[in-house]
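Biologist: Can we go through this structure together? I would like to start with the overall layout and then look at some details.

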Amino acid sequence: MDAVSVIRTKRDRGRLTDAQIDWVIDAYTRGEVADEQMSALAMAILLNGMDRAEIARWTAAMIDSGERMDFSVLPRPTADKHSTGGVGDKITLPLAPLVAACGASVPQLSGRGLGHTGGTLDKLESIPGWRALLSNDEMMRVLTDVGAVVCAAGDGLAPADKKLYALRDVTGTVEAIPLIASSIMSKKIAEGTGSLVLDVKVGTGAFMKSLEDARELASTMVGLGTDHGVKTVALLTDMSTPLGRTIGNALEVRESVEVLAGGGPADVVELTLALAREMLDAAGIEDADPAKALADGSAMDHWRRMIAAQGGDPDATLPVAREQHVINASETGVLTTLDAYAVGVASWRLGAGRARKEDPVQAGAGIELHAKPGDTVTAGQPLMTLHTDTPERFAYAIEALDGGVLVAPPGTSFEPQPIVHD
Ligand code: URA
């Protein structure tokens with residue numbers, strides 16, 4: 001077998017055989033297939049696609065490239081959630097302790113932000129002392145003692161995906177349904193959760209811009225999970241505008257704590273509860289009421305224990321950026337557009353995200369929204385506050401917002417997007 005013949009098969013719109021897939025994933029993981037060859041193959045897959053059987057084999061080969069975890073020793077059923085990535089998507093933070101408070105074990109192996117989408121680990125690392133890197137033993141201990149853990153996936157889990165994802169990120173080959181589905185599901189299946197709820201984002205701030213593509217991605221992932229014995233369901237949720245009123249690491253932790261305290265923005269609460277209900281249902285827990293667990297403080301109690309178990313101080317003051325800049329409405333009217341992609345890029349440019357994997361992020365950087373689509377605004381009223389430690393970034397962030405914030409004449413009718421499309 002050789003890499004060039006595998007690339008040619010896909011370049012010429014052929015089907016990859018099981019033997020070709022097994023070989024190329026294994027040889028790439030071992031370093032025998034070079035990055036430039038794998039990036040050519042990834043581009044051929046992006047352009048020419050893969051059928052369901054090819055995607056299933058590709059996913060199985062990525063799972064087999066590393067270790068599999070086993071949560072069957074835990075006393076409670078496991079429930080996991082994965083979001084395909086969005087702007088202001090802090091849902092994992094309130095959701096993991098909430099679902100643990102309702103009786104499930106929640107092993108959230110999470111990632112860092114790259115590009116305009118934020119990462120759960122970057123957000124939690126803004127809490128002084130909190131550690132993302134846990135050994136397998138530590139992870140099991142937190143899961144047993146608290147019921148929820150949010151940590152980085154170990155290097156042994158689907159190593160083929162780790163290499164391939166970093167390569168796709170720098171070769172313009174992220175947005176391919178077969179590659180996204182196999183990347184996400186190989187990690188989730190290798191992780192060993194019993195049930196999984198997928199939050200498939202759709203809209204300008206998501207990988208999938210249309211409902212049709214999001215549905216195709218969701219059904220591909222549900223099929224992969226189900227075939228591997230993981231009870232898998234998917235929600236298609238809106239990412240045309242940021243979730244909540246904060247974008248950025250410490251800013252999003254603060255808002256998540258507000259939700260756990262029984263408050264917080266309505267869209268964040270609605271999506272957190274919708275996902276919690278799906279997770280509990282998939283885990284076979286019927287008698288729990290997540291809204292009650294938010295209201296009675298038990299979700300907050302699990303959050304505090306989860307943060308402390310990973311070295312964090314739940315009472316610590318969160319970092320605040322050194323500089324702020326307020327953007328005011330230039331006219332009176334109805335805010336019709338607050339584009340998720342534009343706001344995500346602006347927040348990234350302020351320092352909340354990274355351009356390369358090894359870059360640091362600023363804990364306090366990001367954006368606070370003072371108005372959301374559908375609100376009536378008056379000329380001069382603050383629309384958002386930009387936060388950064390490096391004020392030379394303000395102009396660059398403001399440039400990213402150009403065309404992404406639209407105010408229509410007073411009285412213009414506005415049709416809000418549902419949070420959950422399907
Ligand atoms: N998240 C992943 O883990 N992989 C992708 O390909 C896209 C989003």
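Biologist: What am I looking at, and how are residues numbered?
Modeller: This is a predicted model: local features need pLDDT of at least 70, side-chain atom pairs count only at pLDDT 80 or more, and totals for chains, interfaces and linings use all residues. Numbering runs from 1 along each chain as its sequence is written.

Biologist: Which domains are assigned?
Modeller: Domain 1 covers 3-49, domain 2 covers 79-154 + 179-309, and domain 3 covers 323-408. The bounds come from an automatic or database domain assignment.

Biologist: How many residues of domain 2 are in contact with domain 3?
Modeller: 24 residues of domain 2 are in contact with 24 residues of domain 3. Contact means that the C-beta atoms, placed from the backbone, lie within 7 Å. The C-alpha centres of domain 2 and domain 3 are 25 Å apart.

Biologist: Which elements give two or more residues to the domain 2 side?
Modeller: Strand 6 (246-247) and helix 11 (249-260) do. Helix 11 gives the most, with three residues. Helices here are DSSP runs of H or I with at least four residues, strands are runs of E with at least two, and both are numbered from the N terminus.

Biologist: And by class?
Modeller: The side of domain 2 that touches domain 3 has seven nonpolar, 15 polar and two charged residues. Ala, Val, Leu, Ile, Met, Phe, Trp, Tyr, Cys and Pro count as nonpolar, Asp, Glu, Lys and Arg as charged, and the others, Gly among them, as polar.

Biologist: Switching to the ligand. Which residues are around the ligand?
Modeller: Thr84, Gly85, Tyr165, Val174, Leu179, Ile180, Ser183 and Ile184. The cut-off is a C-beta atom, placed from the backbone, within 6 Å of the molecule. By class, the shell has five nonpolar, three polar and no charged residues.

Biologist: Which helix gives the most to that shell?
Modeller: Helix 9 (residues 177-191), with four residues.

Biologist: Now helix 2. Which residues are buried in helix 2?
Modeller: Gln20, Ile21, Val24, Ile25, Tyr28 and Thr29 are buried. Buried means 20 or more other C-beta atoms within 10 Å of the residue's own, exposed means 12 or fewer, and partly exposed is in between, with C-beta atoms placed from the backbone. Seen down the axis of helix 2, the buried residues fall within an arc of 150 degrees, so they line one face of the helix. The arc is that of the directions from the helix axis to the C-beta atoms.

Biologist: What do they pack against?
Modeller: The buried residues of helix 2 pack against helix 1 (3-11), helix 3 (35-48), helix 4 (52-64) and helix 8 (159-169). The face turned away from the buried side carries the exposed residues Ala19 and Arg30. Just after helix 2, Gly31 takes a positive phi of about 95 degrees.

Biologist: Same exercise for helix 16, please.
Modeller: In helix 16 (residues 394-401), Ala397, Ala400 and Leu401 are buried. They cover an arc of only 100 degrees around the axis, which puts them on the same side of helix 16. The buried residues pack against helix 15 (340-352), strand 11 (382-388) and strand 12 (405-408). Ala395 and Glu399 are exposed on the face turned away from the buried side of helix 16.

Biologist: Where is Val407, and what does Val407 touch?
Modeller: Val407 is in strand 12. Val407 counts as buried, with 21 C-beta neighbours inside 10 Å. Leaving aside neighbours within four places in sequence, Val407 is in contact with Ala329, Glu331, Gly333, Val334, Leu335 and Val377. Val407 and Val334 are 73 residues apart in sequence and 5.3 Å apart in space, C-alpha to C-alpha.

Note on methods. Contact = placed C-beta atoms within 7 Å.
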